[in-house]
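Hi,

Here is the structure I said I would pass on to you. Have a look at it first, and then read my notes below.

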Amino acid sequence: MTEYLLRHQLMAGFPGTGKTTFLAALWHALESGEIATGLRLKQVDGDRQYLNQIRGKWESCSPLERTTQGTEELQISLLLEFADGSAATKVVIPDMAGESYLNLWEHRCWDKKYDDVARVAKGLLLFVHPNEVKPRVRIRDVTIPPDEDEDGADEAKTTSSETSESWHPLHSPTEVQLVELLQFFTYDPNCYPIERVALIVSAWDLVVGDVCPAEWVARRMPLLDQFLQSNRERLDYRIYGLSAQKGDISDPEKANELRGYLKQSERIMLIGDSCNSNDITAPLKWLMES
Amino acid sequence: MSEEKRSCQQSGCQVQATGKCLDGFSLSPDVECPHYKVQLVAETEEELSTDELLPEDGVDSDEEIPTPILVHIPYGDDLSAKSCRRIMSRSLTRVIVLAGDPNSGKTTLLTAIYEKFLDGAFAGYLFAGSETFPGFEERCHPARVASYSSHPDTVRTTREKYLHVKVRRKGAAVNGVRDILFSDIPGEDFERARNAEDFCRQMSVIKRADHLLLFLDGERLASLTDRNKTITNGRTLLRSFLDAEMLGSWSIVDVLFTKYDKMQAKLRPEEIEKIIAHSIESISTQCTGRLQKIRFHSIAARPDSSSSLNDGYGLEELFPSWVEDSAQFVRLESCSKQRQTTGREFDLFLERELPNYC
């Protein structure tokens, strides 16, 4: 019986950031072999029911159900090799619920079963959805209507304490929550051996303007960008923009157009560090190279 | 008597309160959602025994949902003086003490620095982390739209706490990261310190401070009623710390005229200049030769929206000094000058490689 190098990778991100869609598209690209990819599926390993189920929805452009706590697949394993046939590796990528990561910020704790998964991961695929980035908005940044007179303003000031809402962790900007997540995974290398993070901005087709993913992150989440730059020695990173659906599948016309692709892998678009292609395996390959 | 009640076991689901399932399932009697389960709820405390919380008939005890074992993030709360040691023991940490009367702008300055990093790199430094994110976020909240307040505000500090931030100078080499601890001490403690030498001595953090920031409230300086009292309070606080030997020839003190925007709104520029000059003279006279350094600056951490000053006015010039200069490091340097070399190979090596190290 052949023994392979075993590598655990962690997929992280808050709810609705595209983790399962990525997994579905990745599985399709690997299993179908429709297009050349940096990683190839060497052998099917273990139960594939879950992967086939989500892939079925992805290729028929049907919405994928959110992965919730209790319904996760923590032991998805793929036996992969580099395109040149070298280094066959068994990769374990759990599909964990976004709520588990949200709990880390909100309640400062998470279930040990998730922690056990994180404690063996060497690489991290971190997902951000461009429409799910909660910004920080200061009162000063909001324009006050010009017709508001001084008396009105004073009155509002005196009553503000009565009407104001107290702080809740979920009020915090997304980038703060993400930095805390990365800090947690890099706090003690003896506990969490993660060395690389591939930051994936999902639904990249929604991003308007001529920006690369790294520029987008620097503009929309400057704190996260600074954190990544400052901690590069501890946590190497690359930033990708991924469109795994290539459009809004809730639009029936668009969904039909996408279903028309004979090679569904060609729907995938990945741009970023050292790649601009349909090869969805590039971030995973880079993580495996560490 | 226990009653049967359905509730959702999924974290974050508000179905009980809002009637909306997080996963979009219907909530008919034959519920589809796998997390929406029957629970027995005891009506009185006496009923709340383990047995009664177990499912009744027809449910195998093997199907019980096990209590999850939780793993906690080992940091996040505001730091106490004791818990600061965790950070100080692992790196050469800058300790910045913010001192001044209640409502003089100490906490607002903390939030302003944090908010500046949320805008991007600040004063030539990149944000590299914080072990007290929730503390910063909570303090910033009253000035954010999410608070539903109509005007920016700051939460009053009631207990001595410390906030942590880690920064890295742009372009710095490996290990160029610096930990900084900012104190958030209630103004009332400084009022007490002004009047009681014993209490001054208990504030041991003052002695460890790399920088002591003395806050003089610009809004009160602009007021005829409060002006003299504000200057006197600042001066006597400094004197108390000096007399108690909590400050000394190693200390670096920055006197900050805060809320500069409010001074500008109430006074003419020449009046401001006169008041500041008087304050500087009043404070410097008694500190001459007793401190390593004393500097005076005007700042507006969170200027009023009607002001032309930018957020964090004056902080960009000060921040690099707080990161780079250290009262404690200077003490080590002065110590090394008196060092006698024993002639041992190790001492010679130390002298060669680390000339400034004692």
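**A loop in chain B**

Let's start with Ala123(B), which sits in the loop that runs between α4 and β5 of chain B. Keep in mind as you read that this is a predicted model. Is Ala123(B) buried or exposed? Its relative accessible area is 13%, and anything under 20% counts as buried, so Ala123(B) is buried. The backbone is worth a look here too: Ala123(B) is not a glycine, yet its phi is positive, at about 55 degrees. For background, most residues other than glycine have a negative phi.

Ala121(B) belongs to that loop between α4 and β5 (125-129) of chain B as well. With a relative accessible area of 39%, Ala121(B) comes out as partly exposed. What does Ala121(B) touch once you leave aside its neighbours within four places in sequence? The answer is Gln226(A), Leu126(B) and Lys170(B), so one of its partners is in chain A, given that contact means heavy atoms within 4.5 Å. Lys170(B) is 49 residues away from Ala121(B) along the chain, but their C-alpha atoms are separated by 8.4 Å.

There is another positive phi to find in chain B. Glu245(B), also a residue other than glycine, has a phi near 60 degrees. You'll find Glu245(B) in the loop between α10 and β9 (252-258) of chain B. Glu245(B) counts as exposed, at 53% relative accessibility.

**Chain B as a whole**

Stepping back, chain B has 15 helices and 10 strands. It is 358 residues long, and 47% of those residues are buried. If you take the contacts in chain B with a separation of 6 or more, 70% of them join residues 24 or more positions apart.

**Where the chains meet**

The size of an interface is often given as the accessible area lost when the parts come together. For chains A and B, the buried area is about 4,700 Å², with 57% of it on carbon and sulfur atoms.

**A strand inside chain A**

Now turn to strand β7 (residues 196-201) of chain A. Why is β7(A) described as largely enclosed by the rest of the structure? Because 6 of its 6 residues are buried. You can check both faces: Arg196(A), Ala198(A) and Ile200(A) are buried on one side, while Val197(A), Leu199(A) and Val201(A) are buried on the other.

β7(A) also has strand partners. It pairs with strand β6 (residues 121-128) of chain A in the parallel sense, over 6 bridges. One pair to look for is Gly123(A), whose bridge partner in β7(A) is Arg196(A). β7(A) pairs with strand β8 (residues 236-243) of chain A in the parallel sense too, again over 6 bridges. There, Leu199(A) stands opposite Ile239(A) of β8(A).

**The cavities**

In chain B, α4 (106-119) and α5 (133-140) each supply at least two lining residues. Sorted by class, the lining of the largest cavity has 9 charged, 6 nonpolar and 3 polar residues.

The second largest cavity holds about 50 Å³. Of the 13 residues lining it, Asp101(B), Phe215(B), Leu216(B), Asn233(B) and Gly234(B) are the closest to its centre. Both β8 (211-217) and α10 (227-243) of chain B supply at least two residues of this lining. By class, the lining of the second largest cavity has 5 polar, 4 nonpolar and 4 charged residues.

Happy exploring!

How values were computed: Residues are numbered from 1 along each chain as its sequence is written. Chains are lettered from A and ligands numbered from 1 in the order in which they are written. This is a predicted model: local features need pLDDT of at least 70, side-chain atom pairs count only at pLDDT 80 or more; totals for chains, interfaces and linings use all residues. Side-chain values use heavy atoms; hydrogens and water are left out. Helices (H or I, at least four residues) and strands (E, at least two) are DSSP runs, numbered from the N terminus. Ala, Val, Leu, Ile, Met, Phe, Trp, Tyr, Cys and Pro count as nonpolar, Asp, Glu, Lys and Arg as charged, and the others, Gly among them, as polar. On a 1 Å grid over the protein atoms alone, a cavity is a set of points where a 1.4 Å probe fits but cannot get out, and a pocket is an open set with protein on both sides within 12 Å along at least five of seven lines; lining residues have an atom within 4 Å of a point. Grid points are joined across faces, edges and corners, and a volume is the space filled by probe spheres set on the points. Buried means under 20% relative accessible area, exposed over 50%, partly exposed in between (1.4 Å probe, protein chains only). Two strands pair if DSSP finds at least two bridges between them. Buried area is the accessible area (1.4 Å probe) that two parts lose on being put together, summed over both.
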